[in-house]
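Work through the exercises below with the sequence and model open. Try each task before reading its solution.

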Amino acid sequence: MEASSSKFVDQLVVPGDVILDLSNLSNQTLKLGGGLRQDGDSICVMKAGKLRFMKPNKYWVESSQKRYVPSAGDNVLGVVVDTKPENFLVDIKGPAIAFLPVLSFEGGTRRNIPKFEVGTLLYVRVVSANTGMNPELSCMDANGKAAEYGILKDGYMFESSTGLSRALLSSPPHPVLEGLGKKLSFEIAVGINGRFWVNASQSSTVILVGNAIQKSESLSMVQQKIYLEKLLKSIQ
Amino acid sequence: MEQRLANSFTVTVNETKFIENALISDIRVDGRRPFDYRNLIIRFGSEDGSSEVQLGRTQVIAFVTGQLVQPYRDRPNEGTFAIYTEFSPMADPSFEPGRPGDSAIELGRIVDRGLRESRAVDTESLCVIAGKLVWSIRIDLHIIDNGGNLVDAANISALAALSTFRRPECTVEGEDGQELIIHPPDVREPLPLIIHHFPVAVTFGFIGKENIVVIDPTHHEEAVMGGSLTVTLNTNGDVCAIQKAGGDGVLQSVIMQCLRIASVKAGDITSKIKNAVESYNTQRSLRKIKRHNPSSTVSNVAKHHA
Amino acid sequence: MEFVSPEGLRLDGRRPMEMRQLRAELGAVSRADGSAIFEMGNTKVIAAVYGPREVQHRGQQLNDKALIRCEYTMANFSTGDRMRRPKGDRRSTEISLVIRQTMEACIMTHLMPHSQIDIFVQVLQADGGTRSACINAATLALADAGIPMCDLVTSCSAGYLNTTPLLDLNYVEDSAGGPDVTVGILPKLDKVTLLQMDAKLPMDIFENVMQLATEGCKAVANYIREVLMENTKQLENRRGV
């Protein structure tokens with residue numbers, strides 16, 4: 001059996017496109033990801049983007065948007081907006097405020113609840129995201145270790161789109177990010193929810209890196225390379 | 001409660017601290033220096049008296065309309081002039097639909113004070129029949145996108161729209177001199193408003209404990225700043241309006257320094273508006289010559305079909 | 001119209017740099033936590049302060065500081081022509097906002113999180129300079145209510161008519177269409193928190209007018225200080241503070 005039966009794979013699709021007709025398929029199980037739905041015998045697209053396929057049977061639509069749709073396992077940047085006895089309320093740019101239980105820190109007990117003021121920036125993991133419930137966050141990895149999660153001090157948080165965030169996290173690494181990394185020393189944390197945080201010893205470095213990454217989104221691969229060269233020259 | 005949290009804009013602790021720290025080394029988050037103005041683009045609509053101003057990410061549309069009304073009793077031979085603001089919830093999640101909020105009213109008042117009380121627009125020439133009919137000029141300011149510093153963008157937009165607005169020419173005839181004739185635009189060229197001077201608003205923000213002064217604050221800087229100062233002045237060096245509505249206190253010397261900087265910026269902005277208006281006017285006159293051709297072809301085609 | 005006579009006297013007989021008679025009275029409203037009446041010549045303003053108290057609309061509660069609210073109204077009988085004024089017109093909304101932000105600059109709001117302070121000011125007689133009188137009245141009322149403040153904000157206006165800078169304009173001078181500069185200062189820090197101006201004025205003259213208004217503010221500050229001292233002395237006599 002062929003790997004993919006849709007001729008739309010890696011093509012751009014828009015809402016309403018039918019990518020697969022199930023009636024032609026011989027009892028194959030499919031796994032549908034974001035942006036796809038089943039309508040009777042056909043698989044329809046719900047949002048504009050690129051159709052992706054992963055063997056053996058996963059389909060999803062990859063798109064870039066400003067709002068984030070929470071999904072379990074994502075690493076995101078969240079901003080504390082309020083503190084409740086059981087939870088910190090964290091804005092993760094999603095449709096609902098996310099809850100970060102006060103105990104979900106490495107070695108967290110009732111006695112050592114961290115104190116976060118409103119506006120604290122956190123690097124957190126989405127533990128669960130179900131419709132009709134507020135997403136739940138955690139500052140531990142699956143093994144209960146703090147890993148890299150937790151509070152981000154200093155630096156500056158830039159807004160981006162989810163597409164840019166994904167590009168920054170992808171491998172091979174984002175060319176602009178990689179190029180800047182060779183010349184400058186800075187720290188970066190990328191949340192898949194369309195936020196990234198940059199920190200460096202000098203404010204000017206943070207501003208340069210942040211704006212360069214934000215700007216790179218609207219450039220093509222070739223343009224990005226030219227832009228990067230220009231930028232690196234201007235630093236020297 | 002949670003609805004409110006989701007819609008309000010929370011500045012992170014990091015951002016507040018960073019903006020302050022970066023300013024100490026004379027740099028701002030968008031790469032500007034403290035006294036750099038953002039990129040200003042002035043565009044005009046297809047009709048006279050409409051303009052669209054883009055100041056960085058901020059976008060404002062102004063639309064000027066005129067109407068013949070009865071004048072106010074205390075000013076029988078002056079036209080009227082009013083400014084309306086529309087803060088659509090489209091521009092910013094914190095703008096609520098319904099009646100205008102405090103910020104919308106403040107913006108309207110600042111623009112109003114700058115334009116009206118400095119008598120930038122000649123209202124006496126808007127009189128048609130003293131005590132009976134005058135032109136009422138209405139400026140509608142629509143905020144399309146809020147990227148910070150709405151006041152300056154709205155003010156520039158209003159000025160640009162006012163300088164391209166034209167009203168139909170009116171003459172009074174008849175035996176008693178009370179009969180009004182409004183000449184349609186294709187018979188007599190509509191008249192532009194008489195604008196004596198261009199009062200340009202320039203806004204400063206005061207950030208941090210040391211009250212570091214920045215010009216043209218962005219949305220993020222506005223969320224962090226302790227106070228702001230809007231100076232409206234023209235190229236003759238006159239101060240037309242000032243608004244510093246409370247907030248962090250600053251020294252008088254700082255205010256005078258702001259005034260001097262604003263005066264330079266106002267000159268730049270005025271020439272930008274004037275250039276844009278000039279190119280609009282040339283385009284407009286070119287457009288009018290062309291206008292006859294397509295209409296004649298249309299009538300030819302119509303004839304052909306008949 | 002001549003606003004300054006050749007002898008250098010104004011319409012009401014004042015010198016150009018002379019302020020009108022000030023009068024202040026604390027505790028004018030018995031139910032309020034703090035209140036004051038402030039008069040500048042014929043301009044008379046009453047202010048009442050409630051709070052810090054529980055926030056009325058939970059949604060507006062602030063976690064790091066007190067919520068300040070201000071309402072400015074003009075009594076129907078306050079001006080020459082008596083008329084019913086619509087509540088919440090653009091002018092009074094703006095003045096409410098200006099007074100609120102000016103008072104916020106001196107109230108130590110971070111000491112009273114999760115609470116609300118209401119300031120009500122009403123103009124009883126309007127004869128120019130209502131904005132300044134309101135701020136002075138609000139300052140006194142706040143002080144009377146014992147709300148922590150870092151300084152006493154005071155305000156005064158100045159204008160420029162017949163090529164003369166004039167301090168503390170009255171209604172006739174105010175409606176002459178000349179420039180009107182209202183300044184609010186934090187006198188101890190010597191910093192300007194409120195500055196409003198309309199109509200046209202060259203920059204160097206503006207500096208002089210602003211300076212004059214600032215001097216006026218300082219004079220008001222001295223007066224307010226005395227009033228508060230006097231009041232505190234009385235309290236001392238009564239209950240041995």
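**Exercise 1.** How far apart do the end C-alpha atoms of residues 151-216 of chain C lie, and what percentages of the span are helix and strand?

*Solution.* The end C-alpha atoms of residues 151-216 lie 17 Å apart. The span is 27% helix and 44% strand. Helices (H or I, at least four residues) and strands (E, at least two) are DSSP runs, numbered from the N terminus. Next, take residues 18-148 of chain C: their end C-alpha atoms lie 32 Å apart, with 24% helix and 33% strand. Both spans come from an unreviewed UniProt entry, annotated "domain: Exoribonuclease phosphorolytic". UniProt positions are given in the numbering used here, feature names are shortened, and annotations may be inferred rather than shown by experiment.

Ground rules: this is a predicted model, where local features need pLDDT of at least 70, side-chain atom pairs count only at pLDDT 80 or more, and totals for chains, interfaces and linings use all residues. Residues are numbered from 1 along each chain as its sequence is written, while chains are lettered from A and ligands numbered from 1 in the order in which they are written.

**Exercise 2.** How do helix 3 of chain B and helix 1 of chain C cross?

*Solution.* Take the axes of helix 3 (residues 102-117) of chain B and helix 1 (residues 90-106) of chain C: they come within 9 Å and cross at roughly 110°. Axes are lines fitted to C-alpha atoms, for helices over the stretch in contact, and angles run from 0 to 180 degrees between N-to-C directions. The two helices are therefore roughly perpendicular (65 to 115 degrees). List the residues: B:Ile105 and B:Arg109 are among those meeting a set that includes C:Thr93 and C:Leu97.

**Exercise 3.** Which element of chain A gives the most to the side that touches chain B?

*Solution.* Count first: the contact takes 20 residues from chain A and 18 residues from chain B. Helix 3 (203-216) of chain A is one of the elements supplying at least two residues. Helix 3 of chain A gives the most, with four residues.

Key:
Angles under 35 degrees count as roughly parallel, over 145 as roughly antiparallel, 65 to 115 as roughly perpendicular and the rest as oblique. Two residues are in contact if their C-beta atoms, placed from the backbone, lie within 7 Å.
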